[in-house]
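I set out to record the sheets and helices of this entry. My notes follow the order in which I looked things up.

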Amino acid sequence: MRIELKKRENMSSLFSILSPFIALGLTLIAGVILFVSLGKDPVAALYSFFIEPLTEVWSLHELAIKAAPLILIAVGLSVCYRSNNWNIGAEGQFIIGAMAGSILPVVFHGWESPLMLPLMMIFGMIGGALYAAIPAFLKARLNTNEILTSLMLVYIAQLLLDWTVRGPWRNPEGFNFPETRNFADNAVLPRIIETGKTHWGFGFALIAAIVLWFVMRRMLKGFEISVLGQSARAGRFAGFSDKKMVYFAFLVSGALAGLAGISEVSGAIGQLRPVISPGYGFTAIIVAFLGRLNPLGIVAAGLILALTYLGGEAAQISIGITDKVTRLFQGLLLFFVLGCDTLIHYRIRVIFGAAHKGSAA
Amino acid sequence: MQNQKTETPLLETRGLTKIFGSLRACDDIDLAIAPGEIHALLGENGAGKSTLVKMLFGVLDPSGGEILWKGKPVSIGSPGEARATGVGMVFQHFSLFEALTVAENIALALDGNVPIDRISEEARRLSLEYGLPLDPSAHVADLSVGERQRIEIVRALLQNPELIILDEPTSVLTPQEADKLFETLAKLRAEGRSVLYISHRLEEVQRICDRATVLRHGKVTGACDPRQETPSSLARMMVGGEVAEISGAGLGEPGELLIEINKLSAPSRSPFAVALKDIELSVRAGEVVAIAGVAGNGQSELFDVLSGEDQVADAEAIRIRGKAVGRMGITDRRLLGCGFVPEERHGHAAVTEMPLTANLVLSRHSSDRSAFLSGGPLGLINTDAVAKASRRICEVMDVRKSGDDPAAGSLSGGNLQKFIVGRELDRQPVVMVVNQPTWGVDAGAASRIRQALIDLAKSGSAVVVISQDLDEVFEIASRIAVINEGHLSAAEPASTMTRERIGLLMGGFHDGSGHAEAEAAHAH
């Protein structure tokens with residue numbers, strides 16, 4: 001027996017719009033099965049996972065704080081993925097961006113200037129972009145596989161951060177805890193509204209999403225991105241350079257991941273620690289695909305994935321299950337999104353029996 | 001009774017229908033192929049020939065109707081089942097691995113584990129028997145297109161089929177190679193096998209086919225004995241009206257020198273690409289220069305360096321309108337007034353998944369910057385202006401499409417090609433370079449495209465047409481050159497060129513020029 005995927009002659013445009021919603025529904029069904037087999041009441045569990053975090057104002061702010069880095073990174077990744085550049089290393093670019101942005105508040109502690117925050121953000125973007133330039137250079141010049149190089153650079157970034165906060169940047173007044181100094185007030189991203197904790201990182205995310213939506217929708221640059229993503233040969237015919245696009249895509253997504261990193265550190269954490277991200281750079285890949293690589297769709301998808309982080313914490317407290325369930329839900333969601341997309345483009349054909357013997361045999 | 005028996009067709013379709021969405025690609029097709037006949041399937045591109053054949057070979061499932069094999073209804077669910085039934089097929093685009101040998105390629109297509117030695121032996125025997133000389137241990141990459149086609153034919157013959165389907169088999173062959181193929185087909189017929197021969201070359205069909213079925217818009221418009229018909233009556237059945245005669249009248253005296261190629265050499269970019277060697281050519285305003293040659297002799301490499309998709313080391317090797325452009329990219333060459341039409345429509349000249357308007361922007365975003373873009377450095381695309389230009393092109397070139405702005409991939413080959421050619425003509429290029437302008441395009445669209453190229457030259461542009469189709473070459477060219485293994489022969493006036501001479505040049509025999517012959521001798 002053999003199972004084949006056959007390309008559909010006509011794909012349904014209705015279903016390609018519905019696909020993320022079907023994936024969400026299937027994830028919920030899988031969640032019910034999961035909770036039942038754990039012996040928990042599925043309704044209560046799903047309620048505390050997906051609804052409870054939406055019922056209180058403070059947790060809505062938490063949602064925005066968690067969604068901000070996801071959206072920022074995923075919007076950048078959408079440029080990469082649309083141009084057929086597979087940047088899997090946003091987590092590393094996030095970390096290096098956070099470290100580069102932290103140079104001013106940590107090394108030049110006590111420097112007072114209104115330029116502090118803008119410079120931190122710019123340093124963060126430059127840091128992330130430079131780190132993303134490494135796999136871009138390797139791909140454009142040496143034709144290496146960017147999936148591998150960008151992913152491997154994540155682990156280097158994580159270990160570099162770990163070493164830095166335990167060694168050269170450790171807080172001299174911090175009782176030997178592996179942390180940097182707390183950022184001074186002028187190095188902390190302000191809140192968007194006074195009543196809640198949501199900081200400007202969320203604002204950056206929305207601005208980035210709208211700007212890139214406009215670029216993709218209206219500008220020749222956006223056209224260039226899609227053409228090169230769909231056919232490099234046609235792109236060359238149009239006079240676009242696929243090598244330059246490798247750099248462009250990686251630098252944009254690296255800069256946005258770096259901005260997400262420094263925003264998170266400056267707005268939500270207030271110092272560098274050995275671990276500053278619960279895997280935002282990887283979760284953002286799910287966000288990008290769930291949002292159909294459309295910057296506005298990514299805003300919605302970012303909020304949904306942020307909810308799984310909050311839900312995991314809530315479920316840990318209220319029904320006493322491990323917060324690993326967060327990763328599980330994220331994985332299920334990605335699986336179902338990709339599965340739905342595949343089945344919209346292809347249909348499954350099962351072929352029974354061995355193939356016929358050729359008469360020449 | 002005996003009589004009755006011979007009248008049972010080998011393969012028959014009754015009311016065979018295939019529906020894609022709202023399009024009836026094949027509509028109620030009745031077709032009967034008798035044992036031991038060469039049956040032609042004629043039709044424009046988009047007429048439904050490929051769809052019909054794919055149903056017969058089990059690649060597509062019919063939406064309705066039935067297929068009868070020797071009078072009994074059968075269902076053919078896959079190419080494997082088709083082969084088991086007794087149907088073999090030779091596709092227009094070969095599916096061969098260049099890095100493997102002939103025997104290995106044949107083995108890949110067979111089911112089960114037949115030892116490779118047996119396959120070699122069998123392939124050698126068949127190839128000799130049918131006059132298709134083939135060395136089973138040769139690497140495919142080293143073979144000519146004609147030889148590659150023989151592999152496909154031998155591969156089909158190994159299955160001992162009773163019906164062999166050939167999809168546009170001569171479109172890639174030299175006249176001499178085509179003659180060889182016809183002998184093979186005659187032999188197959190003499191053995192009592194049937195051949196379904198798909199073509200749009202009317203003379204060929206008249207020469208070798210016993211019966212013909214003509215399709216138009218997915219319907220059968222005629223079943224006839226092609227020998228009783230004239231080319232124009234066949235063409236009428238195909239396109240539903242007289243095919244416009246191409247007229248080269250009015251091509252005046254050549255004017256200003258617009259393209260100069262001077263000692264152009266380019267190394268091959270991959271093991272399977274062809275290096276260009278010392279190419280010399282000049283084209284003047286008002287001329288159509290055709291470059292004939294068998295596929296894979298450096299045509300696409302030459303196109304790429306002319307268009308600027310590949311640049312050459314020596315800027316002076318190519319001059320366009322007096323400017324050295326060897327180091328210029330395609331965008332700068334377009335800004336000099338050049339238009340380019342590459343061979344491959346899907347994924348090179350057009351992005352299949354994108355609508356026509358986007359494909360218009362593809363080649364004209366810089367040359368028509370003032371009309372198509374606004375916002376200065378922002379580069380905002382003016383969708384209205386682009387849509388208007390796209391409608392204009394579709395009207396001028398008679399591009400038939402479903403909907404206002406469909407995806408390029410949804411158009412039939414001929415209609416997409418009309419759009420791609422029209423996209424460049426619309427801006428009146430001073431220099432136009434076209435690679436295989438009517439490859440796989442139906443008669444109606446082809447004559448329209450050819451006329452448009454001649455009209456462009458009449459209006460004072462220099463036109464270079466790279467083509468494998470000799471009918472086309474003679475129809476439109478003022479001068480003809482032949483490309484062979486990266487060498488280009490001197491362009492000679494079309495009036496003094498003959499098919500035989502072109503055939504010889506295609507084979508690398510340049511009379512009077514010692515080196516090609518010496519090299520050919522050296523190679524053997």
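**Notebook: helices and sheets**

I began just past helix H2 of chain B, where B:Gly58 takes a positive phi of about 80°. The model is predicted, and I read the angle as computed from it.

I then turned to H2(B) itself, residues 49–56. How many of its residues are buried? I found 8 of the 8 to be buried, so the helix is largely enclosed by the rest of the structure. The buried residues include B:Lys49 and B:Lys54, along with B:Leu52, B:Val53 and B:Met55.

Next I traced the 6-stranded sheet of chain B. The sheet is open, its pairing is mixed, and the strand order is E6-E7-E8-E3-E9-E10. At its edges I noted E6 (87–90) and E10 (219–224) of chain B, each of which pairs on one side only. From one strand to the next the twist averages 20°.

I looked up which helices pack against this sheet. Helix H6 of chain B (residues 145–158) touches E6 and E7 (163–167), and its direction makes about 175° with that of E6(B). Helix H7 of chain B (residues 175–190) lies across E3, E7 and E8 (194–199), running at about 145° to E8(B).

Within the sheet I checked one pair of strands. E3 (residues 38–43) and E9 (residues 211–216) of chain B pair in the parallel sense over 5 bridges. Here B:Gly43 stands opposite B:Leu215.

I went on to the 4-stranded sheet of chain B, which is open and antiparallel, with the order E12-E11-E14-E15. E12 (276–284) and E15 (323–324) of chain B each have a single partner strand, so one side of each is left without a neighbour in the sheet. For E14 (residues 318–320) and E15 of chain B I recorded antiparallel pairing over 2 bridges. B:Ile320 stands opposite B:Lys323 in that strand E15(B). Helix H10 of chain B (residues 299–307) lies across E11 (257–266), E12 and E14, at about 60° to E12(B).

Last, I examined helix H6 of chain A, residues 116–142.

Technical notes. Residues numbered from 1 in each chain as written. Chains lettered and ligands numbered in written order. Predicted model: local features only at pLDDT ≥ 70, side-chain atom pairs only at ≥ 80, totals over all residues. Pairing = 2+ DSSP bridges. Axes fitted to C-alpha atoms, helices over the stretch in contact; angles between N-to-C directions. Contact = placed C-beta atoms within 7 Å. Buried ≥ 20, exposed ≤ 12 C-beta atoms within 10 Å, placed from the backbone. Expected span 1.5 Å × (residues − 1).
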